[in-house]
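Here are a few friendly notes to read alongside the model. I begin with a sheet and then step back to the whole chain.

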Amino acid sequence: MNQDTTIFALSSGPGRAGVAVVRVSGPKAGEVFGVFGATPPEPRRAALRRLAQEDGSILDEALVLWLPGPGTATGEDMAELHLHGSPAIVSTALKMLGRAEGFALAERGAFTRRAFRNGKLDLLQVEGLADVLEAESETQRRLAMRQFLGDASQRYETWRSELVRALALIEAAIDFSEEDDVALRAADDSRAVMQTLITDFTAALAQADRAAQVRRGVRVVLAGPPNAGKSSLLNWLSGREAAIVSPIAGTTRDVVESFLVMAGLPILISDTAGLHRGTTDVIEQEGMKRTLRAVDDADILVWMEAVDAVTMEEPPRRPDFRVLSKVDLAPADSRVTGESGVWPLSVKSGEGLAAFREALEDSIRRRNDLGEDAVVVRERHRKAVETALSHLHHAIAQDGRGLEFIAEDMRKAAAALSGVTGRVDVEDLLGEIFSAFCIGK
């Protein structure tokens, strides 16, 4: 949308509400009051105005705000109409603005995109704002707010500044190559900066998987042979009948998922089809294929077997928890304990459930602690840092090839980091990022 167009949208939620906020941004924002036959208020002071329709009848009595740029959220002139939250009032107000010359309904993310264009937010902050709006748990909110408030941007900018400083030292070594002492000292100082950055980038990447789990939630997969009690445990953890429970082996043919919040994080718990050998049932075979894919994608794998199982199956990968279910069927003197590395429990009797849930929550909580302060949050951040790290490793490894080659690798590393915050051209990313926003933000 053209920057000369004045955009408007309902910024509060749709439907009936006490107050509905219509936000306007652009060169004609100050004229919005005239559209409704009202006089503009003083800058940055809320005022009560009667808003009229084209025929002179009163549409609403509302609080209005006039916010001259550039000291606004978008960096442009802005105005806000705080209407009564009647769908009829809001609909009429938006239709009147749509008919006004030079005004257009905002697309998704249009206000935030203008804030980015005008230097009010960098790309990391834009993504942080998107995550703030989508946050479903306290942990997600904290991670997103750190990005939105610029903590992550500051870290990337510090890294970029250090790279620029190291590059300047290399260029100084090139310029003073005839003075051995100066050139050698500058090259050594630059190498020390690069080694520190390599350590920082490696540590940041180590947190990336944890941060991704905080942002999207943790995938917990219940897997094991048929009739191991997976569906019963899913229902107990979810607090509802999410999966069908039956004594007939093979009842679950597909992956059944349930969402909940545990230890401050959204959790996706998956009940899967039982794994066993020798079946000729094509539907059951497809169910087991889907189970194996879910196991591969699991952040936490809970492998379950029952005390009344005829044969034991080996898990496809090392599980995070091994559970022995239906222990109410076993004699008391033969029960295993959690000390053996196996969690005994019975959904029917309740035995061991509280201890297992506490252990699962502790595991999730540890992931939170490692991921909350991460700065490599999205896949594009990971790729940029990996690229910068690769260039630095290459620069360190080619000391004997000449300082010019080292300088070129460092320039490439700095460019990769600059792309994270949007300091270099990232036009191809913008459409995808801003399309995730709601209209009016």
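1. An open sheet of mixed pairing is built from 6 strands, in the order 3-4-5-2-1-6. Strands here are DSSP E runs of at least two residues, helices are H or I runs of at least four, and both are numbered from the N terminus; two strands pair if DSSP finds at least two bridges between them. At the edges lie strand 3 (47–52) and strand 6 (103–105), each pairing on one side only. On average, neighbouring strands of this sheet are turned by 30 degrees against each other, direction ignored.

2. This is a predicted model, with pLDDT of at least 70 required for local features and 80 or more for side-chain atom pairs, while totals for chains, interfaces and linings use all residues. Residues are numbered from 1 along each chain as its sequence is written, and side-chain values use heavy atoms, leaving out hydrogens and water.

3. Strand 4 (residues 58–67) and strand 5 (residues 78–85) run antiparallel and are joined by 5 bridges. W66 stands opposite A79 in strand 5.

4. Helix 3 (residues 110–117) packs on the sheet, where it touches strand 1 (6–10) and strand 2 (17–25); contact means heavy atoms within 4.5 Å. The direction of helix 3 makes about 135 degrees with that of strand 1, using lines fitted to C-alpha atoms, for helices over the stretch in contact, with angles from 0 to 180 degrees between N-to-C directions.

5. Overall, the protein has 14 helices and 12 strands. Of its 441 residues, 47% count as buried, meaning under 20% relative accessible area (1.4 Å probe, protein chains only). Among contacts between residues at least 6 apart in sequence, 61% join residues at least 24 apart.

Methods:
Buried < 20%, exposed > 50% of the residue type's maximum accessible area, 1.4 Å probe, protein only.
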